[in-house]
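Colleague: Could you walk me through this model, starting with the ligand and moving on to the aromatic rings?

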Amino acid sequence: MSGKPDLFEYAKSVLKENDKGRHTIPSGGIYPHQWLWDSCFIAIGQRHYDVDRAKTEILSLLRGQWHNGMLPNIVMSETSLLGRKHDFWRSQLNPNAPDDIATSGITQPPMLAEAIVQVGEKLPLAERRSWYRTVFPALLKYHQWLYTERDPHQEGLTLQIHPWETGMDNTPPWMSEIQQHLLPFWIHAIQVLRLEHVIAFLRRRSHLVPAEQKIGTVDGLVMYSVQRRLRRKEYDISRILSHSLFAIEDLGFNCILIRANHHLKEIAKTSRQHIPAELLESMERTEKALEKLWDPYTEQYYSRNFVTHRFLKESSIATLLPLYAGSISKERAQQLVKLLHNEHMFDTAYPVPSVPVNSAYFKPHGYWQGPSWLNTNWLIIAGLERYGFMPEAQHIREQSLAMVSKHGSYEYFSPIDGSPAGAHNFSWTAALTIDLLSTKPA
Ligand code: GLC
């Protein structure tokens, strides 16, 4: 493979550059805070060369935990733009927000249990037990919060209230749902008057990443307006749900939750901690409920509208994440692998595209509407390996490493030719490169 002679050392240097001492930012300039699932992926890489630093990465995420158990998707860095960001979110409006640190008011996919276990794997048993005991109370509280606040009808599927909660900001299922049913009138007006070109021009000047690689203007305005609505409700879920704001049972989020529940049980068992029966019942319900997201006509899983239970029939990278959940049958896994082999869908030279190539949304550098990302590749590899699809897993691993080796640790890559885009020196790309190099099957 031509490219970086020592990929491991290179990736380590990227993480060092973004290391703020006790937490790592996703990338300088554009992402100056600590993000929830980013830090989980970062710890999964750090554990290979400094397991204590990996622990610290996770512990510093827990500083942001709300009194009700929520883990926010952003914990603000003290050193950066605190005031401004603080104003944007105003998390203090909600009495559950931590008193001494500014955070966002929403969460992100629950990767925490996976990160805790991956770090634990690097520790001898006695130390692992003590590590698990240290983090167990916060992890348990987070999973309890996910069910009490986000599964109010005990359906087994948790709901999400902002596209940012999926970690895949402008992912087509959410964007089309919002465009079709929920577009605020003023964004609609901008579209009709074609003002988005003017706004895009203004945005382009102020951004560090070329506009065509970031979120579209209307999609960006949607995110902003949804965040504003949540802030007006002070991030109070009963007010949010009773004011007919939208909620979606997101496929990717719930698949990650299924895997996280599995890890939570493992952590409890190893460290001899107790999981309340009510939570165990909820966890079991989620595995069963995933099958309700299967559409026999198109032979795919979809996210669902929380209120109407209508499927959000746009395929995306989340379509493949039931592989990572690990709870689906071998037959279903085989059906998903078929999509991975389909050249009109996910089979590209540099897999795995964040939307199928035959989607109307597909753009090779379109953020979560086309590019291949290392973190979703990592999740899919883990799932494929668990179901025994070794050649498929190996292919994605090799192509992921090839993209980083050739171009560097970018945020995402074109699935067609591997060309890089988005932020440079991006932390989770570096961290997962380290992990993919270190866990390569012989
Ligand atoms: C973007 C991504 C999200 C990530 C964040 C920080 O918002 O969509 O997944 O956590 O940036 O890297």
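## The ligand and its rings

Modeller: Happy to. In the side chain of D38, an N or O atom lies 2.5 Å from an oxygen atom of the ligand, a polar contact (a pair of N or O atoms within 3.5 Å). This is a predicted model, where local features need pLDDT of at least 70 and side-chain atom pairs pLDDT 80 or more, while totals for chains, interfaces and linings use all residues. Residues are numbered from 1 along each chain as its sequence is written, and side-chain values use heavy atoms, leaving out hydrogens and water.

Colleague: How many residues in the shell around the ligand are nonpolar?

Modeller: The surrounding residues (a heavy atom within 4 Å) include P26, Y31, W35, W37 and D38. Ala, Val, Leu, Ile, Met, Phe, Trp, Tyr, Cys and Pro count as nonpolar, Asp, Glu, Lys and Arg as charged, and the others, Gly among them, as polar. By that scheme the shell has 2 charged residues, 2 polar ones and a nonpolar count of 8.

Colleague: Why is the pair of Y367 and Y412 called edge-to-face?

Modeller: Rings of Phe, Tyr and Trp (its six-membered ring) pair if their centres lie within 6.5 Å; planes under 30 degrees apart are stacked, over 60 edge-to-face and the rest tilted. The structure holds 22 aromatic pairs. In this one the centres are 5.7 Å apart and the planes of Y367 and Y412 stand at 65°, so the pair is edge-to-face.

Colleague: Is Y412 buried or exposed?

Modeller: Buried means under 20% relative accessible area and exposed over 50%, with partly exposed in between (1.4 Å probe, protein chains only). Y367, at 5%, counts as buried. Y412 has a relative accessible area of 0%, so Y412 is buried.

Colleague: What kind of aromatic pair do W368 and W373 form?

Modeller: Both W368 and W373 are buried, and ring pairs link them into a cluster that includes Y367, Y412 and W428. Their rings are 3.8 Å apart centre to centre, with 5° between the planes, and the pair is stacked.

Note on methods: Polar contact = N/O pair within 3.5 Å; in protein donor to acceptor, adjacent residues only side chain to side chain.
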